[in-house]
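Welcome to this short tour. Open the model in your viewer, keep the selection tool at hand, and we will go from stop to stop.

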Amino acid sequence: MPRRSSWLFPDPPREFAWRRPLKIGLRAVHVLCAAILLGAHVFEVQETSTDPWLHATLLSGLLILLLDLHESAAFLLQVRGMVVILKLLLIGALPWLGSYGAWVIAGIVLISVISSHAPARVRYFLLVGRSGITGSRSKG
């Protein structure tokens, strides 16, 4: 029976065919939905009209997260995983932020763009568990 840690943190990380194109497609949908959601907040569109875009943004982000976690749970210990956790916390705080919601979403978009275009040595840096865990390295 494999050790629990090898199931969470396989060495090498798990891979499957079509991961990259699937992730690129999901990311494109995610960015589109997030952009529409930001625009809706900036232009103060009724909340009921923004709900589908919020749900689509969350769903596409969740699917990307599941792809990354399938590869290895080490994703959550890397800078890029910590950025995802920060973004989820900020999205979760939106109901209590009132008129600052557009600013928070704009901040999330900026954090996302900066972190996704940071050098690989930054994005894939393991903040925790550098000895004994092989971090995921997939591109896309």
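Begin with the second largest pocket, which holds about 450 Å³ of space. A pocket here is an open set of points on a 1 Å grid over the protein atoms alone, where a 1.4 Å probe fits and protein lies on both sides within 12 Å along at least five of seven lines. Its volume is the space filled by probe spheres set on the points, with grid points joined across faces, edges and corners.

Select His-41, Glu-47, Thr-50, Leu-94 and Gly-98: of the 17 lining residues, these lie nearest the centre of the second largest pocket. Lining residues have an atom within 4 Å of a point. H2, H3 and H5 are the elements that each give two or more residues to this lining; helices are DSSP runs of H or I with at least four residues, numbered from the N terminus. Colour the lining of the second largest pocket by class and you will find nine nonpolar, five polar and three charged residues. Ala, Val, Leu, Ile, Met, Phe, Trp, Tyr, Cys and Pro count as nonpolar, Asp, Glu, Lys and Arg as charged, and the others, Gly among them, as polar.

A word on what you are viewing: this is a predicted model, in which local features need pLDDT of at least 70 and side-chain atom pairs count only at pLDDT 80 or more, while totals for chains, interfaces and linings use all residues. Residues are numbered from 1 along each chain as its sequence is written, and side-chain values use heavy atoms, leaving out hydrogens and water.

Next, move to the largest pocket, with a volume of about 980 Å³. Which residues lie nearest its centre? Select Arg-27, His-30, Val-84, Lys-87 and Ser-112, from a lining of 35 residues. H2 gives the most to this lining, with eight residues. By class, the lining of the largest pocket has 19 nonpolar, nine polar and seven charged residues.

Now show the helices H2 (19-42) and H5 (101-116). Their axes, lines fitted to C-alpha atoms over the stretch in contact, are 8 Å apart, and the two pack at an angle of about 150°, on a scale from 0 to 180 degrees between N-to-C directions. That makes H2 roughly antiparallel to H5, a label for angles over 145 degrees.

Finally, colour by pLDDT, the predictor's confidence in each residue from 0 to 100. The protein averages 88, and 90% of the residues score at least 70. Confidence is lowest in helix H1 (residues 4-8), at a mean of 80, and highest in H2, at 95.

Methods
Parallel < 35°, antiparallel > 145°, perpendicular 65-115°, else oblique.
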